[in-house]
Amino acid sequence: MIKKIILIALIIANCYSDVTKEENNLNNQNQKTVSLALGSGGARGYAHIGVIEELEKKGYKIKSIAGSSMGALIGGLYAVGKLDEYKKWILELGYYDVFKLLKLSSTQGALINADEEFNKVAIMIGDVNIEDLPIKYRAIATNIITQKEVVFSKGKLIDAIRASIAIPTIFTFVIKDDMILVDGGILNPLPINAIINDDTDIKIAVNLDANIQNKYIIDVPLEHKTREEILYNEFQEFIKKAEPFIPEKILTIVDKNSTKKLQKDIKQKYDIFFILGRTIDTAQSILAKYSMQNHKADIVIDIPRDSCEFYEFTKAYKMIEIGKMATKEKI
């Protein structure tokens, strides 16, 4: 009797195993493939992490990525399989890490020496060529000599990312051959054109400069709030150190007819990073709009421009969660 029960159990288990295999095979066959255009937008680029995580959670297969600036960084880390490691790092940044990253550049043309940050990223990525990645990848940079877009589709991955994320006046530029390369978002903040002809089921663009009100309420855990405050204070100290590099009295030019509130805001809040960030946001918003008009993505995931400032890289937890929530609404 016991032998019969065991035999029946084995038969049932085997049948269930066969059904499960068939279901998995069917799911794999029906799995939608995706091309991602990841836009530029400074610290809001952390939202790309949440977008990618949510897409994978929903069962989509990402087969290609094109990115500008932070889009190139996050997309490259994903392509090489290091996005989880990078996420863990940025969510656990401590005082010593910030001290190392916020180093004034000893060269002209930028406030921060980006090589300090990219030493850490380079270690994560390793010596990898774009053409050897498991998915199709392109990073967008801008050649300020010819005023033309440069698309990296081969060569060292870390070099492509480094060029694409060289935010003018903040991070040091990159010299390659006869080119001076800066942030890809200067000419192409949302590179839909780079994915539009990909052989995938769905083309998804992530716009970090959406002119919509931020409706997402994120409950940031206490440990992350505390870390954000520490990092914010360190950033303010860095700004003070950078004052010799910044035009004197930049905050004192106020029109007599402006409101007292605006005058107070300018003196207390609107430092050079705020002004620079809003200037870049303004230009990129217009360019992204043209990109979406000229190249139609199947889905556009909008990240509100006011969800965080361009330079607020302490808001990683918040922006990752916003990326997830925005993706859930669209997918």
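1. The structure is a predicted model: local features need pLDDT of at least 70, side-chain atom pairs count only at pLDDT 80 or more, and totals for chains, interfaces and linings use all residues. Residues are numbered from 1 along each chain as its sequence is written, and side-chain values use heavy atoms, with hydrogens and water left out.

2. Helix α3 (residues 70-79) and helix α7 (residues 157-164) have axes that come within 8 Å and cross at roughly 160°. Axes here are lines fitted to C-alpha atoms, for helices over the stretch in contact, with angles from 0 to 180 degrees between N-to-C directions. Helices (H or I, at least four residues) and strands (E, at least two) are DSSP runs, numbered from the N terminus. The two helices, α3 and α7, are therefore roughly antiparallel to each other (angles over 145 degrees count as roughly antiparallel, under 35 as roughly parallel, 65 to 115 as roughly perpendicular and the rest as oblique).

3. The crossing of α3 and α7 is left-handed (the near helix is turned anticlockwise from the far one by less than a right angle). On the α3 side, A72, L73 and G76 meet L157, I161 and S164 of α7 (contact means heavy atoms within 4.5 Å). By class, the contact of α3 with α7 has four nonpolar residues, two polar and no charged ones (Ala, Val, Leu, Ile, Met, Phe, Trp, Tyr, Cys and Pro count as nonpolar, Asp, Glu, Lys and Arg as charged, and the others, Gly among them, as polar).

4. There are eleven salt bridges in the structure (a side-chain nitrogen of Lys or Arg within 4 Å of a carboxyl oxygen of Asp or Glu). One of them joins the side chains of D209 and R44 at 2.8 Å, N to O. This pair links distant parts of the chain, 165 residues apart: D209 is in strand β9 (residues 202-210), and R44 is in the loop between β1 (33-38) and α2 (47-57). D209 and R44 are both buried (under 20% relative accessible area; exposed is over 50%, partly exposed in between, with a 1.4 Å probe and protein chains only).

5. E53 and K87 form a salt bridge through their side chains (2.9 Å, N to O). E53 is in helix α2 and K87 in helix α4 (residues 83-91), so the pair ties together parts 34 residues apart in sequence. E53 counts as partly exposed, at 21% relative accessibility.

6. In the salt bridge of K324 with E321, the closest N and O atoms are 3.4 Å apart. Both residues, K324 and E321, lie in helix α11 (residues 316-330), three residues apart, about one turn of the helix. E321 has a relative accessible area of 21% and is partly exposed. A network of salt bridges links E53, K87, E321 and K324.
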